[in-house]
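Welcome to the tour. Please open the model in your viewer and keep the selection panel handy.

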Amino acid sequence: MRGSLWEEKESNLSQRNRALPYLLLALSIAIYSCAHPARPRGPQAAGVYHIVTRGLTLWRIARAYGVELERLAEVNGIEDPTLIKTGQRLFIPGATRVLKIEPYRPPITLTARFIWPVKGRVTSSYGYRKGESHTGIDIGAPRGEKVVAARDGVVIYSGKGFSGYGNMIMIEHEDHTVTLYAHNTSNLVKANQRVKQGEPIANVGSSGRASGAHLHFEIRVGNNPVNPLLYLIDSKE
Ligand SMILES: [Zn+2]
């Protein structure tokens with residue numbers, strides 16, 4: 001018995017000796033990579049840069065590359081998806097080549113009809129307030145009140161990844177105009193979901209930078225906000 005125990009010990013030792021060169025190799029590789037930090041590897045690090053050309057919106061670019069709008073914004077440190085500039089360099093994670101994306105040509109006149117997303121009084125109008133531009137209207141409504149889609153469309157964003165907006169939904173319509181609904185207590189629809197005009201999409205709240213329950217509502221033509229009051233019609237019409 002003693003003999004076999006000894007033999008076992010010896011074989012363990014020799015195994016360790018055999019492993020030593022590999023250990024040293026691994027160690028030197030580790031030291032080398034510390035001294036020479038390689039480019040970050042893995043699927044997240046792969047991607048291309050896309051230069052924003054005139055008429056391009058963040059959601060148009062996100063869709064062309066098949067990247068989630070929120071992820072594209074996050075990777076590029078964009079806090080407001082509606083604020084991207086011509087000439088801006090965007091990193092497109094996961095993309096292997098730069099795509100040519102047709103610019104958006106806004107309709108000369110907006111003939112589409114948008115219904116009020118929630119019934120209420122306009123508590124803050126479109127335009128400049130306290131030296132800051134307000135890119136939509138605020139509609140005061142009780143917390144929890146249903147917010148409905150202003151027009152038929154496809155949800156291009158539903159989440160709370162953009163600072164200030166809280167729970168937010170963006171819907172793209174047939175003519176590529178986009179409506180935006182912010183500060184919701186909860187969102188009822190998901191990205192890529194098709195919605196009908198008048199369909200409930202969220203509940204009124206005060207999430208994000210908001211004082212009191214209200215809906216912050218925007219209509220975007222390309223990247224440019226327009227005054228929603230010029231396009232909203234009574235749903236009974
Ligand atoms: Zn607002």
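Select H134 to begin: in this predicted model, H134 is buried, with a relative accessible area of 5%.

What coordinates the zinc ion? Show the zinc ion with these two side chains and bring in H216: the donors are NE2 of H134, OD of D138 and ND1 of H216, at 2.0 to 2.2 Å.

Next, go to helix α2 by selecting residues 58–65. Is this helix largely enclosed or open? Six of its eight residues are buried, so the rest of the structure largely encloses α2. To display the buried ones, pick L58, W59, R60, I61, A62 and Y65. Then step along to G66, which follows α2 and has a positive phi, near 70°.

Now zoom out and colour the whole protein by secondary structure: there are three helices and 17 strands. Switch to colouring by burial, and 40% of the 237 residues count as buried. With a surface turned on, the protein exposes about 14,400 Å², of which carbon and sulfur atoms supply 54%.

Taking contacts between residues at least 6 apart in sequence, 65% join residues at least 24 apart.

Conventions
Residues are numbered from 1 along each chain as its sequence is written. This is a predicted model: local features need pLDDT of at least 70, side-chain atom pairs count only at pLDDT 80 or more; totals for chains, interfaces and linings use all residues. Side-chain values use heavy atoms; hydrogens and water are left out. Helices (H or I, at least four residues) and strands (E, at least two) are DSSP runs, numbered from the N terminus. Buried means under 20% relative accessible area, exposed over 50%, partly exposed in between (1.4 Å probe, protein chains only). Contact means heavy atoms within 4.5 Å. Accessible areas come from the Shrake-Rupley method with a 1.4 Å probe; for residues, only the protein chains shown count as cover. Donors are N, O and S atoms within 2.8 Å of the metal (3.2 Å for Na, K and Ca); water is not among the atoms, so sites may look incomplete.
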